[in-house]
Amino acid sequence: MRGVRAAASVLGVAFAAGAASVAAGRLASDVALKAPPGEPLPTEPRLTVHSTAAGRIALTRAFASQRPGTYGLTGNGSHAVVGDVLSGAPHAPDAVVRRLERVSRGTLEPGDKVRLTPGLHVGDPRTALGLDHDDVEIPGELGTLPAWFVPAARDTWVIAVHGLGATREHTLNVIECLHRQHFPVLAPAYRGDPGAPRSPDGLNHLGETEWRDVDAALRYAVRYGAERVVLHGWSTGATMALRAATHSALRGRVSGLVLDSPVLDWTATLRALATARRTPGALLPLAVRAAQGRTGLRAAPAGDDLAPSGLRVPALLFHGPDDTVAPWEPSRRLAALRPDRVTLRTVRHAPHGAMWNADPRAYEESLRRFLTPLG
């Protein structure tokens, strides 16, 4: 009897340990499947504001705070825009001084905790950029999707689709550039965004199902006058654009793709986000399996099953080796598989979704050259 009890005790402990591991894997998968729109991804470190002065801000010295380029800076209720590092400015040894372009919301005080983000703007095209726009409603698979429409003269529209940890405000980074080139822009929200319906399970599917909302935006654009459409997506928005361009019944109207930091291997992205939340390495496979069980996601990278035969339009791909959320290698592989269709612009020293931020002028010139023959 004593041996039976001991065996039962061992089995009970093993069962409890196994259940705890499964629960931990499920919790770890939440970092990607429940990524809140508009909140910085956990891969971006928290920085401390050391001081502010006219046109300057001193931040914690870290790899992130020394990146070249222009970024949003978000904290507890605050939003600002910072430019390049001011190398000649006096500062403490543990600080970095950057140009403070503007404070868009709230205030910045010494001691505040902030993160750099790709999003420079808050508001909508009118309040942020001074551009007239219409607030429109797109009939989607799960319900009505709010969208901004910025009119212009061309009959080729650009549909701009944000990605993980962002909202439509991220698309404002390039809307002004697109408007200068006379491209109408449609920037939709999609399932899970503020004002849009939730997925039935309440989870992000990393583009696997959300692409149908891009398909709905494509149908809307064609219905209201677009002869051709360029899909411009960031992160999982780029994955959605790629899927729409290969799976949509209206894919013949898609004349080009702009893919910024595309998530082409969702398992690597999930692992990266879970690792950033300090998930032990032993639990990462459980997190992947939990994500598959909860969403039905396939393990094969999206680029492998879509691009070689399905990609029929030119694609401009912005990505670089410093993206710790969506690995660069699948993008390089995609460009190598389809050199007839894909042009890869390598951007260094840029985090996920921030290829424009690292060098806006170079990004916009590449975008202009790519779009000119398509419009």
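Ground rules first. Residues are numbered from 1 along each chain as its sequence is written, and side-chain values use heavy atoms, with hydrogens and water left out. Because the model is predicted, local features need pLDDT of at least 70 and side-chain atom pairs count only at pLDDT 80 or more, while totals for chains, interfaces and linings use all residues.

Let's start with empty space. Rolling a probe the size of a water molecule over the atoms shows where empty space is left. The search runs on a 1 Å grid over the protein atoms alone. A pocket is an open set of points where a 1.4 Å probe fits, with protein on both sides within 12 Å along at least five of seven lines. A lining residue has an atom within 4 Å of a point. Grid points are joined across faces, edges and corners, and the volume is the space filled by probe spheres set on the points.

How much space lies in the largest pocket? About 520 Å³. Its lining has 32 residues. Nearest the centre are Thr117, Pro118, Gly119, Gly165 and Ala166. Two elements give two or more residues to that lining: strand 3 (71-74) and strand 6 (113-117). A word on those elements: helices (H or I, at least four residues) and strands (E, at least two) are DSSP runs, numbered from the N terminus.

Twelve residues are nonpolar, 15 polar and five charged. Nonpolar here covers Ala, Val, Leu, Ile, Met, Phe, Trp, Tyr, Cys and Pro; charged covers Asp, Glu, Lys and Arg; the others, Gly among them, are polar.

Next, the second largest pocket. About 310 Å³ of space lies there. It is lined by 24 residues, and Ala35, Pro37, Arg191, Gly192 and Asn204 are the closest to its centre. The classes are ten nonpolar, nine polar and five charged.

Stay with Arg191. It sits in the loop between strand 10 (185-188) and helix 4 (211-223). Is Arg191 buried or exposed? Arg191 counts as buried, because its relative accessibility is 4%. The cut-offs: buried is under 20% relative accessible area, exposed is over 50%, and partly exposed is in between (1.4 Å probe, protein chains only). The Arg191 side chain makes a polar contact with the side chain of Glu141, at 2.8 Å. A polar contact is a pair of N or O atoms within 3.5 Å; within protein, one must be able to donate a hydrogen and the other to accept it, and residues adjacent in sequence count only if both atoms are side-chain atoms. Plain contact means heavy atoms within 4.5 Å. Beyond four places in sequence, Arg191 is in contact with residues including Glu141, Leu142, Leu145, Arg212 and Asp213.

Leu206 is found in the loop between strand 10 and helix 4. Leu206 is buried, at 5% relative accessible area. Its phi is near 55°, a positive value in a residue other than glycine.

Arg278 also has a positive phi, about 65°, and is not a glycine. Arg278 lies in the loop between helix 6 (266-276) and helix 7 (284-295). With a relative accessible area of 78%, Arg278 is exposed.

On to helix 5, residues 236-247. Eleven of the twelve residues are buried. Among them are Thr236, Met240, Leu242 and Arg243.

Now a pair that touches: Arg126 and His133. Arg126 is in helix 2 (residues 125-129). Arg126 is partly exposed, at 40% relative accessible area. Leaving out residues up to four places away, Arg126 touches Leu131, Asp132 and His133. His133 lies in the loop between helix 2 and strand 7 (134-139). His133 is buried, at 5%. Its side chain makes a polar contact with the side chain of Asp135, at 3.3 Å. Contacts of His133 beyond four places in sequence include Asp124, Trp148, Phe149 and Val150.

Last stop: Thr346, in strand 14 (residues 342-346). At 39% relative accessibility, Thr346 counts as partly exposed. Past four places in sequence, Thr346 is in contact with His319, Pro321 and Trp328.

Conventions
The expected span of a helix is 1.5 Å times one less than its number of residues.
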